[in-house]
Amino acid sequence: MVVPLLFIVVYIVAKGAPALTWEFFTENPRRGGIEGGIWPALVGTVYLILISLCISAPIGVLAAVYIEEYAKENWFTRIVNLAVVNLAGVPSIVHGLFGLGAFVYGMQFGKSILAASLTLAIMTLPVIIASTKEALAAVPRSFREACWNVGATRWQTIWHIVLPNSISGILTGVILQVSRTAGETAPVMLTGVATWAIGGDGLFLYNLREQCMSLSMHLFYIRTQASGAKEELSYAIAATLLGVVLLVNASAIVFRIYLRSRKKW
Amino acid sequence: MTDSTPRPKLPAARRRLELLAEKGIELLIRLSGISAIVFVFGIFFFVFREGAPYLPHLDAREFLFGTDWYPSSDPAQYGAGALLVGTLSVTLLAMVVAVPFGLGAAIYVSEFCERRPRETLKIVIELLAAIPSVVWGFIGMSVLGPMIKEVFDVPLGVNMFNAALLLALMSVPIMVSIGEDALKAVPDTYREAALALGATRWQTVFRVLVPAAKNGLLAAVLLGVGRAIGETMAVLMATGHSARIPESIFDPVQTLTATIAAELGEARQGSEHYQVLFLIGVLLFTLTFVVNLTADMVVKGIRRK
């Protein structure tokens, strides 16, 4: 198991290394992407991550609060849990179809960052719900009882006691959601990511109603459609994407281990 | 709480406000709670709605079993049978590789591993699961493809075998983590009883633990199957993408998911082709829904015991 992972990472990075220069990260692509850098794709990926996070994090956390703190043990709760499991199992391309039907055409957002982010948000919701649920369940019941006893309402207990004590677990879920969003290709290529969208100047290249580029889509495009691209260019893009995702994930793991080691109860 | 300082009385107006806020926030929480249900139904509804106008013209037999997928010829033919066979065959081949590997790894991690290497292994598996599917597809095209071409001396490196290997690697992590949970759930008394009867470690694993955890292991396999069926980018890039019934494992195939990804861009909104692609989406949704539901019920079954 360790061998394929190491092999993949080392091989891709080694092959892409000659193209991994400063200019590669900061310049616009030129001549259909076969020259120049990946700057707009980086910015586009960050846009998608941040916007979808703003949507899915609050809904996901509140949904987990509902399941853990409010819901009773009955058939309805079972259905809610079942829906979460199945939402996680829906193929990514079907999420893309849904985004296209609901946001791009249904709500008339057009193919845009907004539509793509909404699609990603719904897709990654189960990730946040699952890790938040776990974090909430780890807070001992006695904490809540103590708080109720001094006359706090249910929400006050959650806000002042339960959430602060589980914030680290919730953050781990958020980090995992970021890595998932960064790598997703199929749903965004249907709903708002283009193969070519340079955008404006400066740091804020795009507005919400425009299409953007993304790292994952750029890798797909360069490898399968752009003819004449040097081999190391596609390896460099793959190495960048892989680097981002693995670093984000590794930080979630380190964070989790650190938190476990200083847990007080 | 032995300390019983009386709570200072709040002004009535502020109390009412607090009560209102509490009600509001509770409503918000309840809404979020049911959001998952809303989204699952929403997904089905919107995907179905886009595809539905074609239903009256749909010849179900041709759609499911026909093997002529010529969406751009005139008259266009939409026999998704070859695509269905593509999806199922590549999934099956992936499972032939992944099931022994994944369940073996689960048994190793849960029964034969010391604590330290186990933690490391679990982290590696987690990282393996995090690699995006487009990167897997890239690996299939750039690394695995040429290797397969060389080793097996076949004309095309991107084929069913290539994609199946990728899918196997992609679905092993979920099998390991669910399978390990299942084995962990077997009470230690089972292990002790087997050892006390003089069983070797292997006998314990295969005669006692695997039968005891078989539902969980089955769920692990099913979740792997669900993942393999729904995978898009990796199979789009590594299967060779050709809608024919494969004759050997080194033939190119085309899957349901890859078809949608590759063709939706060129299908005009509302056209026949567009609607048929959405119907394929409905088919995929149904397939994975059934697989995941079964896996979930199998897991629930164990917990109740």
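In which helix of chain B does B:Ile107 lie?

View 1. B:Ile107 lies in helix 3 of chain B, which covers residues 81–112; helices (H or I, at least four residues) and strands (E, at least two) are DSSP runs, numbered from the N terminus. This is a predicted model, in which local features need pLDDT of at least 70 and side-chain atom pairs count only at pLDDT 80 or more, whereas totals for chains, interfaces and linings use all residues. Residues are numbered from 1 along each chain as its sequence is written, while chains are lettered from A and ligands numbered from 1 in the order in which they are written. B:Ile107 counts as buried because 22 other C-beta atoms lie within 10 Å; a residue is buried if 20 or more other C-beta atoms lie within 10 Å of its own, exposed if 12 or fewer, and partly exposed in between, with C-beta atoms placed from the backbone. Leaving aside residues up to four places away in sequence, B:Ile107 touches B:Leu183 and B:Val205, where two residues are in contact if their C-beta atoms, placed from the backbone, lie within 7 Å. The C-alpha atom of B:Val186, 79 residues away along the chain, is separated from that of B:Ile107 by 12 Å.

**View 2. Overall build of chain B.** Chain B contains 12 helices and 2 strands, and their order along the sequence is α-α-β-β-α-α-α-α-α-α-α-α-α-α. The C-alpha trace of chain B spans about 85 × 70 × 35 Å along its principal axes. The radius of gyration of chain B is 25 Å, whereas a compact globule of 305 residues would have one near 19 Å; the radius is taken over C-alpha atoms, and the globule rule is 2.2 Å times the number of residues to the power 0.38. Of the 305 residues of chain B, 42% count as buried, and among contacts in chain B with a separation of 6 or more, 74% are between residues 24 or more positions apart.

View 3. Chain B is divided into domain 1 (12–57) and domain 2 (63–304), with bounds that come from an automatic or database domain assignment. The C-alpha centres of domain 1 and domain 2 of chain B lie 32 Å apart. In chain B, 8 residues of domain 1 are in contact with 8 residues of domain 2, and the side of domain 1 that touches domain 2 has 6 nonpolar, 1 polar and 1 charged residues; Ala, Val, Leu, Ile, Met, Phe, Trp, Tyr, Cys and Pro count as nonpolar, Asp, Glu, Lys and Arg as charged, and the others, Gly among them, as polar. B:Leu17 lies in helix 1 of chain B and counts as exposed, because it has 12 C-beta neighbours inside 10 Å. B:Leu17 and B:Ser35 are 18 residues apart in sequence, and their C-alpha atoms are 27 Å apart in space.

**View 4. The interface between chain A and chain B.** In this interface, 60 residues of chain B are in contact with 62 residues of chain A. Helix 1 of chain B supplies the largest share of the side of chain B that touches chain A, namely 20 residues, and by class that side has 39 nonpolar, 13 polar and 8 charged residues.

**View 5. Helix 11 of chain A against helix 4 of chain B.** These two helices pack at an angle of about 145°, with their axes 10 Å apart; axes are lines fitted to C-alpha atoms, for helices over the stretch in contact, and angles run from 0 to 180 degrees between N-to-C directions. A:Val245, A:Leu246, A:Asn249 and A:Ile253 of helix 11 of chain A meet B:Ile123, B:Glu126, B:Leu127 and B:Ala130 of helix 4 of chain B, a contact that has 6 nonpolar, 1 polar and 1 charged residues.

**View 6. Helix 10 of chain A.** Helix 10 of chain A, residues 215–224, is mostly covered, with 9 of its 10 residues buried, including A:Met217, A:His218 and A:Phe220. The cover over these buried residues includes helix 3, helix 8, helix 9 and helix 11 of chain A, together with helix 5 and helix 10 of chain B.
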